[in-house]
Amino acid sequence: MKGDTTPPTSGGRETRPPAVSFEDIEKGFFGVPVLKRVRFSAQAGRITGLVGENGAGKSTLMNLLGGNLQPDSGQLRVNGSPYAPRGSGDARAAGIAFVHQELNLFPNLSIAENLFLTEFPRAAGGLPWIDRRKLRDRARHLLDQVDLAHDPDTPVERLPPGERQLLEIARALGAQAHLLLLDEPTTSLSVRECARLFDLMHRLRTRGIAMVYISHALGDVLNHCDDLVILRDGEVVGRGPAAEFTQERLVSLMVGRELNQLYPVRTPPPVPADSRPREPLLDVRGITQPGRVRDISFRLAPGEILGVAGLMGAGRSELARILFGLDPHASGEIRVEGRPLEGGPRRRIREGLAFLTEDRRHEGLCLEASVADNLALVTLGQHARTPVRWLDLPGIGTAVARIRDALQVSTRVTDAQPVRTLSGGNQQKVVLGKWLLSEPRILILDEPTRGIDVGARFEIYQWIHRLADRGSGILVISSEIEELIGLCDRILVMRQGELSGEFPRGEFNREQILAAALHTSTS
Amino acid sequence: MTRPLPSRWIRRALDQAPVLLVVLVLAGFGRMSDRFLTPDNLTQILLQAAAPVIVATGMTFVLLTAGVDLSVGAVMFVGAAIAGKMALAGYAPTLCLAAMLAVGLAGGGINALLVTRLRLAAFIATLAMLFIGRGLGRWITQTRAMNLPDTFLHWGSANVLGIPGPLWVAGAVVLIAQLILSRTPFGRQVLAFGNHPEAARRAGVRTRPLQAAVYILCGLCAALGGGVALTQLGSVSPRFGEQYEFDAITAAVLGGTSLFGGRGRVFPGTVLGAILLKAIFSGLVILQADPYLYPLITAVIIFVAVLLDSLRTHLLPA
């Protein structure tokens, strides 16, 4: 796949100026440096992978290119000429387009309208009407380039997420972009959709388009990028052709220390499951909700980390929502230490349940509220003094400070800062911290490390272990089988709303788990 | 995401809710009184709906951007007060109506300024404008009713090709608005902005002029609607234009425009919404319903409108 073009490599003398180059870029916020003399470039017709932990400075680099921020010093160049954008208009004019993790499409408008929102072809005669036919033709032309076979008049709300991603790229092509920045484009895509995206990226490469690809999926980065740039704490700590890197080397460069293991060792090793029949912490018996889950039964012991594997839509998140009382179930029973569990989330929190949702931005956090407020949210009631339920603010402050330090939320973050401004890893730590403060006995984690870098992941795993060691039961839902294998004592597999497999530690086998998740039954 | 998709017919019913409601209301009142479904009364309903339709059309644009304009009735009142004073001072009726439109432009312009430059919440900014406008109007009229020269009433009752003048104006406004909304870049950008303002900004839409234009358009429509009402009434009372903000917002929302922005249509939606409102109150008058019932009916209408909006927002794919 690689090498179908022969662009200059970083070693040779470059005859053509790079599509974009960062020359000793520095940027700080409130005296804290975020970028330190960053120097690298991306060539036309090559895919440059940009990797680094959350908070390493990737987003800041993107914001500089997009004109949302201006560097303190240093020079940006596009195709060799100086480039000092003051807003998204300048970026567009310079042929730079962004494909963000969160899509910037308008589901209420048609595909064609999304593609040409600011460049509608006008009808002849000076009237302000849109020339519908020309619009459709041009849209079809762009759709062909990204292999989307839809009618241009289809509303975008009918497209699955993967195709919306391709549509974003089509929009960039329509804007005559020669430099495409893709920021974590694969997080919400299925395997097949990812393959389609990479396929398109390879084709764009042959057309001479420069791409900067940001991702935490290091395997993808190594497979599909030509050059790599590794950022750590605002510094470029490594760059060169992708062939010179291995996953291990990338991780150690990103983290700045050798990470021999991606998963921490469980210090008091898990008690053998068959030692003696213990009272299960959580006892789920025959939970059924039509259309969601069918006849789910399992037990969760104190101190156990139980994984739930399965494909998207297998009913894992639905099960978690039912357990936490967010959704109803038609039949079956949930018991906690022998007592039936009833009521909504409020009562279940009081029973010691905690639920870290898969969608941390929308369900897990109040984005505009401060770090401290978010941390204190779940346990506010405990800090309310009787009889007037006055809040014990100093008490909350101490508790928040304790958990924040324990979680090692980046020191660049202040308690008063809105959570919206934090990196993904730090946001997830805040969600986790919020629940840790309530000292849950049963913690349900839905995709706890999605979109989170290696270092922060490790810390989250450590916290999961610590909680389990204290006797809490943990239910971890993850789409990464490796993560479940590395973390869990036992793994349940779900398929089409039913349990389709159970694997105790020692019998973990990637292929078998995947087979149990995939096995297509038509019954 | 975890919510099951509603069955197809529920979605279709929600899509067609304005039509269904109109049919239901017409059929209902028709059964209760044989004086309701007469050509005369239906024409009367349409005539009464003409001014609200015009005001609601402007309101639809504002609502599509997830904003709101509570000042439309007050703008109508100030415009009518100034036009009335001018008419009584002997100015030509055309000049009076032109002055009214200028007031609408100015009112919309101030709203636009408050929302886009000072970044005030539209709800509060236009609420303030409502009180300012009402106060200003009362000061201009000295809280006295003014009877205008007959020319106004002649215009209001004039027929062109057998169709009353106010309906021509309303029809033209609706047609132009619908074309703007569906056929011009501006219209499509309004929908885009209402759906996802930040994405619109990132896509290169000039969002501030766009938002400003929407409020100015709304002010202009309010003044035009006021002008039509003026020619129909022939007088300016201290209560001129009162409750028009309610009529306009309810008509638009009943017609399927979302308070959350990004979804809605002038035709048939807003038009049907306005007709629906006037049909209900016409029916109540014909049935000689207890006047104390009216506020309750109004409450039910608001409730139904907002409930429909909420159902649409949560049940239809986003």
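Start by selecting A:F324 and A:W435: both are buried, where buried means under 20% relative accessible area, exposed over 50% and partly exposed in between, with a 1.4 Å probe and protein chains only. This is a predicted model, in which local features need pLDDT of at least 70 and side-chain atom pairs count only at pLDDT 80 or more, while totals for chains, interfaces and linings use all residues. Residues are numbered from 1 along each chain as its sequence is written, chains are lettered from A and ligands numbered from 1 in the order in which they are written, and side-chain values use heavy atoms, with hydrogens and water left out.

**Stop 1: aromatic rings in chain A**

A:F324 and A:W435 make an edge-to-face aromatic pair, 5.9 Å centre to centre with 90° between the planes. Rings of Phe, Tyr and Trp (its six-membered ring) pair if their centres lie within 6.5 Å; planes under 30 degrees apart count as stacked, over 60 as edge-to-face and the rest as tilted. A:F324 sits in the loop between α9 (316–323) and β14 (331–336) of chain A, and A:W435 in helix α14 (residues 424–436) of chain A, so their pairing ties together parts 111 residues apart in sequence. Helices (H or I, at least four residues) and strands (E, at least two) are DSSP runs, numbered from the N terminus.

Over all chains, the count of aromatic pairs is six. For another of them, select A:F198 and A:Y213, an edge-to-face pair at 5.9 Å between centres and 70° between planes. Helix α6 (residues 191–206) of chain A holds A:F198 and strand β8 (residues 210–214) of chain A holds A:Y213, so this pair ties together parts that are 15 residues apart in sequence. A:F198 is buried at 5% relative accessible area, and A:Y213 is buried at 0%.

**Stop 2: backbone details**

Most residues other than glycine have a negative phi, and most peptide bonds are trans. With that in mind, go to A:R37, whose phi is positive, near 40°. A:R37 lies in strand β2 (residues 32–42) of chain A and is exposed, at 53% relative accessible area.

In chain B, select B:R119, where phi is near 55°. B:R119 belongs to the loop between α5 (93–117) and α6 (122–141) of chain B, and is exposed at 60%.

Next, centre on B:F267 and B:P268, which are joined by a cis peptide bond with omega about 0°. B:P268 is part of helix α13 (residues 266–286) of chain B.

**Stop 3: where the chains meet**

Zoom out to see both chains. The contact (heavy atoms within 4.5 Å) takes 26 residues from chain A and 25 from chain B. Together the chains bury about 2100 Å², 56% of it on carbon and sulfur atoms; buried area is the accessible area (1.4 Å probe) that two parts lose on being put together, summed over both.

Finish on B:R188 and A:E113, whose side chains form a salt bridge at 2.6 Å, N to O. The term covers a side-chain nitrogen of Lys or Arg within 4 Å of a carboxyl oxygen of Asp or Glu, and the count between chain B and chain A is one. The largest share, six residues, comes from α9(B).
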